[in-house]
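Thanks for coming, everyone. I'll take this one quickly, region by region. Please have the model open as I talk.

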Amino acid sequence: MSSIQLKGVEKWFGAAQVIKGVDLEIEEGEFVIFVGPSGCGKSTLLRMIAGLEETSRGQIMIGDRDATAEPPSKRGLAMVFQSYALYPHMSVRDNVGFPLKSAGLPKAEVDAKVEEAARVLKLDDYMGRRPKDLSGGQRQRVAIGRSIVRDPTAFLFDEPLSNLDAALRVEMRYEIAKLHQTLKSTMIYVTHDQVEAMTLADRIVVLEFGKIAQVGSPRELYEKPANLFVAQFIGSPRMNVMPAAAVPSVGLPDQAVSVGIRPEHIELVEEGGGHIQGTVDVLEYLGADTFVIIACGDAGQITVRITGDTDLEPGTAVGLLFPLENLHFFGADGYVTG
């Protein structure tokens, strides 16, 4: 287990710069998740840490040593990929133990490490099966087990749950969270799924076009986004953003051109009340919540989250009240103002 530090890290593919001077410190035992839209560089950055992509400029420190030029085999890291990459002709036991057998460890030591990994990942009942006899979630657990037995400095996960259905994703999120609690290992995890990021991470790194837009805990990013990009990327449904000119009654700070508010912070009132007026357009009933999508003229389409069901119907005229303490103001550059 070790800390990892990136110092001015850059990655160029020919004339195209995809990682643009990233500085980041990951503490020992921390669970850090890289998120961002497709093409933002999150997987490239992870592969650079692993040594699978060459670092064009900057330094990658693992613990107190400079690992920038080290090959993957020397970095002491274990990587879990989106594809399970299991050997189809081998049993679960042999797949998990393969890295240790390849390294020439004694059979007794290999068996002990494999049994411990099986215990941690609840694979005991599947050790004699082959990958084709396992579910997607079980296969991913085997791939993780193959990493655990190596006792790595840190675990790197590259969208490990992308191939699973919704129910298995929930199950595997729980298992990965428990794994981190048990091993207390440094983990770096790449995903495009913000639910995974919000539920698993100690800290989230939001990437935008090869740069860090913001780093913070899930709560910090949700409640205090640094700019408009983070505000709308984190949160589902995403933050409502309106032109400042459409809501002058909220008391706009100087330089504010946009006003943001989360769907759950808006209160629906009778027509004529509140800060702006609108007409119910669509209702999305999800059981515990209902999303009410409201057409609000110059303010655009606003989503309101209501707990449980509602008697509202499409076409109903309503007022929208914005608690001032829950408003976010953004300047012309997209950054928080006021």
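This is a predicted model: local features need pLDDT of at least 70, side-chain atom pairs count only at pLDDT 80 or more; totals for chains, interfaces and linings use all residues.

**Sheets, a helix and some salt bridges**

β1, residues 4-13, and β4, residues 57-62, run antiparallel and share five bridges. They belong to an open sheet of four strands, ordered β2-β1-β4-β5, with antiparallel pairing.

Next, strand β3, residues 31-35. How many of its residues are buried? Five of five, so to speak: β3 is mostly covered. Look at the directions. Phe31, Ile33 and Val35 point one way from β3. Val32 and Phe34 point the other way. All of these are buried.

Which strands pair with β3? One is β8, residues 186-190, parallel, over four bridges. There, Phe31 has Met187 of β8 as its bridge partner. Another is β9, residues 203-208, also parallel to β3 and joined by four bridges. In that pairing, Ile33 stands opposite Ile204 of β9.

On to helix α5, residues 166-183. The helix has 18 residues. From first C-alpha to last, α5 reaches 26 Å, close to the 26 Å expected at 1.5 Å a residue. At the N-terminal end, Asp165 is the cap. A side-chain oxygen of Asp165 lies 3.3 Å from the backbone nitrogen of Ala167. After the helix comes Lys184, with a positive phi, near 55 degrees.

Which residues of α5 are buried? Leu168, Arg169, Met172, Arg173, Glu175, Ile176, Leu179 and His180. Read that list against the helix geometry. An α-helix has 3.6 residues a turn, so residues three or four places apart point the same way. And what covers these buried residues? The cover includes β3, α3 (107-121), α4 (136-148), β8 and α6 (194-200).

Side chains of opposite charge can pair when their charged atoms come close. The structure holds 16 salt bridges. In one of them, the side chains of Glu196 and Arg169 meet at 2.6 Å, N to O. That pair links distant parts of the chain: Glu196 sits in α6 and Arg169 in α5, 27 residues apart. Both Glu196 and Arg169 are buried.

Last stop, Arg305. The side chains of Arg305 and Glu264 form a salt bridge, 3.8 Å from N to O. Arg305 is in strand β16 (residues 301-307), while Glu264 is in the loop between β12 (258-261) and β13 (267-270), 41 residues apart. Are these two buried or partly exposed? Arg305 has 25% relative accessibility, so Arg305 counts as partly exposed. Glu264, with a relative accessible area of 29%, is partly exposed too.

Arg305 also meets Asp289 in a salt bridge, at 3.5 Å, N to O. Here the link is between strands: Arg305 in β16 and Asp289 in β15 (residues 289-295), 16 residues apart.

That's my tour. Over to you.

Methods: Residues are numbered from 1 along each chain as its sequence is written. Side-chain values use heavy atoms; hydrogens and water are left out. Two strands pair if DSSP finds at least two bridges between them. Helices (H or I, at least four residues) and strands (E, at least two) are DSSP runs, numbered from the N terminus. Buried means under 20% relative accessible area, exposed over 50%, partly exposed in between (1.4 Å probe, protein chains only). The expected span of a helix is 1.5 Å times one less than its number of residues. Contact means heavy atoms within 4.5 Å. A polar contact is a pair of N or O atoms within 3.5 Å; within protein, one must be able to donate a hydrogen and the other to accept it, and residues adjacent in sequence count only if both atoms are side-chain atoms. A salt bridge is a side-chain nitrogen of Lys or Arg within 4 Å of a carboxyl oxygen of Asp or Glu.
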